[in-house]
Amino acid sequence: MAHGMRTDSHTHHIRRDDWRETATRYALLPLRIFLGVTFIYAGLDKLTDSTFMQASGAGSIGAQMEGVRDISAIPPLVDLSLKSPVGFGYAIAVGELAVGIGTLIGLFARLAALGGALISLSLWLTVSWQETPYYYGNDLAYLMAWLPLVLAGASVFSVDALRTTRRRPPP
């Protein structure tokens, strides 16, 4: 009787671990896609809405900021936006667009996610602060969704990953 070592005894376990590693590597991709597309859409929506980009009038950024001024967590932040509501509207829209593109393609992904988190935080503290109960306002949920991307960045299907691969010395 030949005594030998079984070589297939751990194969099943290895495959399961490979699957887990792959799932872990791609886990944040759906969140990146969702946030990237959503912020691109939000930025484009603001930039193409002539009613929104007005200092006053129904549906304008000026009227919206006037409406939340007294019920926001930080009224001085709203006052700052009211000094130039149209400029503030463009800043938010362009910021959302830059954050969305950076997140979607994974270019400076952590910085883009930090920008998204800061936009969401400012909107939560101003526009959706009055929502009761707090979970009715979506800006806080967006803020929390950005945090994993701030911490982890974009490890797959990203310009950042491509740049990292190119910087590594060949074996």
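**Close-up views of an all-helix model**

**View 1. L47 and its contacts.** Leaving out residues up to four places away in sequence, L47 touches M53, Y90, A93 and L97; contact means heavy atoms within 4.5 Å. The model is predicted, so local features need pLDDT of at least 70 and side-chain atom pairs count only at pLDDT 80 or more, while totals for chains, interfaces and linings use all residues. Residues are numbered from 1 along each chain as its sequence is written, and side-chain values use heavy atoms, with hydrogens and water left out. L47 sits in helix α2. Helices (DSSP H or I, at least four residues) and strands (E, at least two) are DSSP runs, numbered from the N terminus. Is L47 buried, exposed or partly exposed? L47 counts as partly exposed, because its relative accessibility is 31%. Buried means under 20% relative accessible area, exposed means over 50%, and partly exposed lies in between (1.4 Å probe, protein chains only). L47 and A93 are 46 residues apart along the chain, yet their C-alpha atoms are separated by 6.3 Å.

**View 2. The whole chain.** The protein chain has eight helices and zero strands. Read from the N terminus, its elements run α-α-α-α-α-α-α-α. Of its 171 residues, 34% count as buried. Take the contacts between residues at least 6 apart in sequence: 69% of them join residues at least 24 apart.

**View 3. Helix α5 crosses helix α6.** The axes of α5 (residues 85–105) and α6 (residues 109–126) come within 8 Å and cross at roughly 140 degrees. Axes are lines fitted to C-alpha atoms, for helices over the stretch in contact; angles run from 0 to 180 degrees between N-to-C directions. The crossing of α5 past α6 is left-handed. That term applies if the near helix is turned anticlockwise from the far one by less than a right angle; clockwise makes it right-handed. Which residues make the contact? From α5 come G95, E96, V99, G102 and T103. From α6 come A109, A112, A113, G115, G116, I119 and L123. By class, this contact has six nonpolar, five polar and one charged residues. Ala, Val, Leu, Ile, Met, Phe, Trp, Tyr, Cys and Pro count as nonpolar, Asp, Glu, Lys and Arg as charged, and the others, Gly among them, as polar.

**View 4. Helix α5 and its cover.** α5 has 21 residues and reaches 30 Å from its first C-alpha to its last, close to the 30 Å expected at 1.5 Å a residue. The expected span is 1.5 Å times one less than the number of residues. The buried residues of α5 include P85, I92, E96 and V99. Their cover includes α2 (29–48), α3 (61–68), α4 (75–83), α6 and α7 (138–152). After α5 comes G106, with a positive phi near 75 degrees.

**View 5. Helix α6 and its cover.** The end C-alpha atoms of α6 are 26 Å apart, which agrees with the 26 Å that its 18 residues should span. Buried residues of α6 include A109, I119, L123 and W124. What covers the buried residues includes α2, α3, α4, α5, α7 and α8.

**View 6. The largest nonpolar core.** This core has 23 residues, and L35, F39, M65, V99, I119, W146 and L149 touch the most other members. A nonpolar core is a set of buried Ala, Val, Leu, Ile, Met, Phe, Trp, Tyr and Cys residues joined through side-chain atoms within 4.5 Å. α2, α3, α5, α6 and α7 each supply at least two of its residues. F39 touches residues including E96, V99, I119, Y142 and W146, not counting those up to four places away in sequence.

**View 7. A73 meets L125.** A73 is found in the loop between α3 and α4. Its C-alpha atom and that of L125 are separated by 5.2 Å, with the two residues 52 apart along the chain. Neighbours within four places aside, A73 is in contact with L125 and W129. A73 is partly exposed, because its relative accessible area is 33%.

View 8. Most residues other than glycine have a negative phi, and most peptide bonds are trans. F108, in the loop between α5 and α6, has a positive phi near 50 degrees. F108 counts as partly exposed at 47% relative accessibility. F157 lies in the loop between α7 and α8 (159–167). Its phi is positive too, about 45 degrees. F157 counts as exposed at 60% relative accessibility. P133 is found in the loop between α6 and α7. What kind of peptide bond joins T132 and P133? The bond is cis, with omega about -10 degrees.
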